[in-house]
Amino acid sequence: MVGYTMFLLDTISFNHHRENTEQMKKLITNTFKQLIAISAIVIVASSCNKDVPDPVPNTFAKPTGSSIGTIISNTPNFSFLKAAVNRAGLMGLLLDSSKSLTLFAPDNAAFIASGIPVEAAIGTLRPGLLDTVLRYHLISQKVKAAQIPSTFPNFQYPTFINPAPSLSALLRLTTFPTTRNGAWINNIPIKGTDIEASNGVIHTVAALVTPPARFLWNRIAADPDMDYLEAAIIRADSGVAPTNAASLIGALNNIGANLTVFAPTDAAFQATLTGAIYLALLGQGLPQPDALALAQQLASTPDVFQNPALFGALSAQTVKGIVVYHLLRSRAFTNNFPTTLTSYPTLLNSAIASHPGVALQATPGVPFFTAASVKGIANATASNLLINPTPDPNGSTDQHFLNGVIHKIDQVLLPQ
C-alpha cells in the first residue's frame, strides 16, 4: 500500500489538463448580472433630482479564536498533517485569518490508512506533490456540515488546485462532498465535522482525498477487463473523429465533461452478445447446437463490433444507444446512491426525453458501501457494482477521474 500511494502521488500531473469550469461560468455569469444591476442603480440614481443619502458602512464581527494553521499545529492527532503542511509551504495560508477556508483534514490515522505509516515518511515526499494533494483538501469558502447538501448528485466545490494556470487563473479542480448516507467527500468518509477556526472550519476525513490524474477514456482504453466496452465505444463513434466534441471518445477525454460510467466487464458483454446472436441464429433456422457454437465464436472477442456480418444488428447507432445508456450526466459516488431503488436519467434521455433511465440502489456499510446495483429498464434483474473502492487503477467502484467516475458492473444495461 505504501508503494502504491507513493506511485499515485508521483503520477499526479495537472499541467496539461483543463478543469471543469461549469461552476466558474455560473460564478462569472452571476457576477456580470450583479454588475449590470449595480450599473442600472447608478444610472437611475444619477438621473434623480433628490439627494442620495450617505452610505452607512456595514460592520462585521472580527473573527476570534485560533486559525486553522494554529489548530492543526497544536493538535497531536494532526501531527502528520502539520508535517505535510510545513513541507508543502502552506502553513502561511492556513494561519492567515483574513481568509475564509474549509479544510478537509486527514488526521494521523488517515495518513496511515493511506499508506504513509510514520510521520518521518512525509519528509521523503516532494514538496510540490504534497502542495498539490493538500490544496485538493482546501475549499476557498467556509462550508459547515449543515451547508453540504444531501441531494443527488454530489454538490461540487472548487478547490485550490488550478490544473492549468497558464490557460486561466480561474480554473479549479472540484471536490464532491455530500451528507447523504453519512458525510463524505468524494468517496472518503468524513468522520468529524465543524471544528471552528478564526479563518474557516475543519472537517476530519478518514483518508487522504487524492486528486484525479487521468481521464475516463484513459482507464477504459487501458483496463484489460474493459476491452469490449472500448470496442463498443469505437463502434459507436464510427465515422466521427475521436477529437470531435460530438464523439463519445471526445467526451470521455474532455475535462469539461462530468459523467458517471457504468462499465460492463468483458464477461458481461460476452454473455449478452452470445445470447443475442444465438437467438438471431435460431430465428434464421440454425439448429440449436450449431447456433450456440457460432454465437459463442462470434462473441468471443471484442472484434464482434467490427464484424461486417453483424453490422445489421450492431449498427453504430444501435451500439451508441446502448453505450450512452450506461452514462449518467453527473458524478455519482456509491455513497450518494439512494438506499431504495430510484430512477435517474442517462445520456440516452438527451435523445429520448421520456425514457425511464436507470434505477440505482446501494446498501450502506462501514466504512464503505457493501453493495450497490443499477438496473436497466429491460433487464430482468439488476446489475451489481463490483465493490472495490481502491483508487484507480486497481479498484472497480468509485474510480475518480478528471471528468467523471467509473463503476464496473456485471451485466450490460438494456434500454429496451
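Residues are numbered from 1 along each chain as its sequence is written, and side-chain values use heavy atoms, with hydrogens and water left out. Because the model is predicted, local features need pLDDT of at least 70 and side-chain atom pairs count only at pLDDT 80 or more, whereas totals for chains, interfaces and linings use all residues.

**Exercise 1. Describe how helix H11 packs against helix H12.**

Step 1. Two packed helices are described by the angle between their axes and the distance between the axes. Helices (H or I, at least four residues) and strands (E, at least two) are DSSP runs, numbered from the N terminus; axes are lines fitted to C-alpha atoms, for helices over the stretch in contact, and angles run from 0 to 180 degrees between N-to-C directions.

Step 2. For H11 (residues 266-283) and H12 (residues 288-298), the axes come within 8 Å and cross at roughly 140 degrees. Angles under 35 degrees count as roughly parallel, over 145 as roughly antiparallel, 65 to 115 as roughly perpendicular and the rest as oblique, and H11 and H12 are therefore oblique to each other.

Step 3. Contact means heavy atoms within 4.5 Å. On the H11 side, Thr274, Ile277, Tyr278, Leu281 and Leu282 take part, and they meet Gln288, Ala291, Leu292, Leu294, Ala295, Gln296 and Leu298 of H12. These residues comprise nine nonpolar, three polar and no charged, where Ala, Val, Leu, Ile, Met, Phe, Trp, Tyr, Cys and Pro count as nonpolar, Asp, Glu, Lys and Arg as charged, and the others, Gly among them, as polar.

**Exercise 2. Describe how H9 packs against H13.**

Step 1. The axes of H9 and H13 come within 8 Å, with a crossing of roughly 130 degrees, and this pair is therefore oblique.

Step 2. From H9, the residues Ala232, Ile233, Arg235 and Ala236 make the contact with Ala316, Val319, Lys320 and Val323 of H13. Sorted by class, the contact holds six nonpolar, no polar and two charged residues.

**Exercise 3. Characterise the largest cavity and the largest pocket.**

Step 1. On a 1 Å grid over the protein atoms alone, a cavity is a set of points where a 1.4 Å probe fits but cannot get out, and a pocket is an open set with protein on both sides within 12 Å along at least five of seven lines; lining residues have an atom within 4 Å of a point. Grid points are joined across faces, edges and corners, and a volume is the space filled by probe spheres set on the points.

Step 2. The whole structure has five cavities of 30 Å³ or more, and the largest cavity holds about 60 Å³. Its lining includes Trp184, Asn187 and Asp398.

Step 3. The largest pocket has about 800 Å³ of space. Among its 39 lining residues, Gln317, Thr318, Val319, Gly321 and Ile322 are the closest to its centre. H13 gives the most to this lining, with eight residues, and the lining as a whole has 29 nonpolar, nine polar and one charged residues.
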